[in-house]
Amino acid sequence: MRLARLIPILLLISGIALLIAGLHPAGSGGRELVLEGGTHEVVRCSGALILHSNGSICADIRYMKLRRVSSGRRVNAPVTFPLLEVRGTRAYVKVRNLDAVWRASYGFVDGGFLIPLDRGRWNLTASSDGQIILYEVQSFRPAHGRLVRRAGSVEVSCPGPDPGLGVATVLVYNPSDHPVALRVERGPGPNPALIASSVALVLAAILVGRRLHASEGGRRGGAGKGGRPPI
């Protein structure tokens, strides 16, 4: 039972540590990406982010709902709003609409995302030397966050999750014909995910502590039955 009594204490300590980390996160631990010309990166928006780049980028905060349509080295499907996740070094896209055909090719260093077309009725075929995943964008709504452009960087203040729309994402686009180096860092603001986890651990510590206290009280009460009556 001594080991069991340590469980709520350990949960409580872990919760406090996560709360401290969530309230005062370090602005480090970034991801290094290459954003090729005409391509996107989709970054999960949680807390505050800083986007560093050595070129011009476009950024927007969106709530997106995606439906996975198909995957493989070659995908083909009728779609209304496609998003392609490319995990290879080349991607070839062909789109048919009535008697018109549009083709494009893209080069990648570390993969990326493509939104080749806006809403419509498209018969899309895409292939790659690596895996390619085709999504249907079902919801694409603006999120009320904050974007502040600095010299060589964009600071992002992300909104909290929406019960109906999920977690917001930062959609980053390279409008030029040349690759751009992109570094995504966590900013100095609070991290809602860590704070939520810390609250869950503290509540779990309280619940486990109450259950242990109740079980020990029950055993003590049971041990008294059949013994000497109190004087």
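Is Glu185 buried or exposed in terms of its relative accessible area? In this predicted model, in which local features require a pLDDT of at least 70 and side-chain atom pairs count only at pLDDT 80 or more, totals for chains, interfaces and linings draw on all residues. Residues are numbered from 1 along each chain as its sequence is written, and side-chain values rest on heavy atoms, with hydrogens and water left out. Glu185 is buried, its relative accessible area being 15%, where buried denotes under 20% relative accessible area, exposed over 50%, and partly exposed the range in between (1.4 Å probe, protein chains only).

The side chain of Glu185 meets that of Arg183 in a salt bridge with an N to O distance of 2.7 Å, a salt bridge being a side-chain nitrogen of Lys or Arg within 4 Å of a carboxyl oxygen of Asp or Glu. Arg183 is partly exposed, with a relative accessible area of 24%, and salt bridges that share partners join Glu32, Arg183 and Glu185 into one network.

By this rule the count comes to six salt bridges. One of them is formed by Glu136 and Arg67, whose closest N and O atoms are 4.0 Å apart; the pair links distant parts of the chain, since Glu136 belongs to strand S9 (residues 122-142) and Arg67 to strand S4, 69 residues apart. Strands here are DSSP runs (E, at least two residues), as helices are runs of H or I of at least four residues, and both are numbered from the N terminus. Glu136 is buried at a relative accessible area of 8%, whereas Arg67, at 39% relative accessibility, counts as partly exposed.

Five strands form an open sheet with antiparallel pairing, in the order S1-S13-S3-S11-S10, two strands being taken to pair if DSSP finds at least two bridges between them. Strand S1 (31-35) and S10 stand at the edges with a single partner strand each, so one side of each is left without a neighbour in the sheet. Neighbouring strands of this sheet are turned by 20 degrees against each other on average, direction ignored, with axes given by lines fitted to C-alpha atoms (for helices over the stretch in contact) and angles running from 0 to 180 degrees between N-to-C directions.

Within this sheet, strand S10 (residues 146-150) is joined by five bridges to the antiparallel strand S11 (residues 153-157), and Arg150 has Ser153 of S11 as its bridge partner. Two residues lie between the strands of this hairpin, in which Gly152 takes a positive phi near 80 degrees. Strand S3 (residues 48-53) also pairs with S11 in the antiparallel sense, over five bridges, and Ile50 stands opposite Glu155 in S11. Glu155 in turn forms a salt bridge with Arg150, the closest N and O atoms being 3.4 Å apart; Arg150 is partly exposed at 45% relative accessibility, as is Glu155 at 29%.
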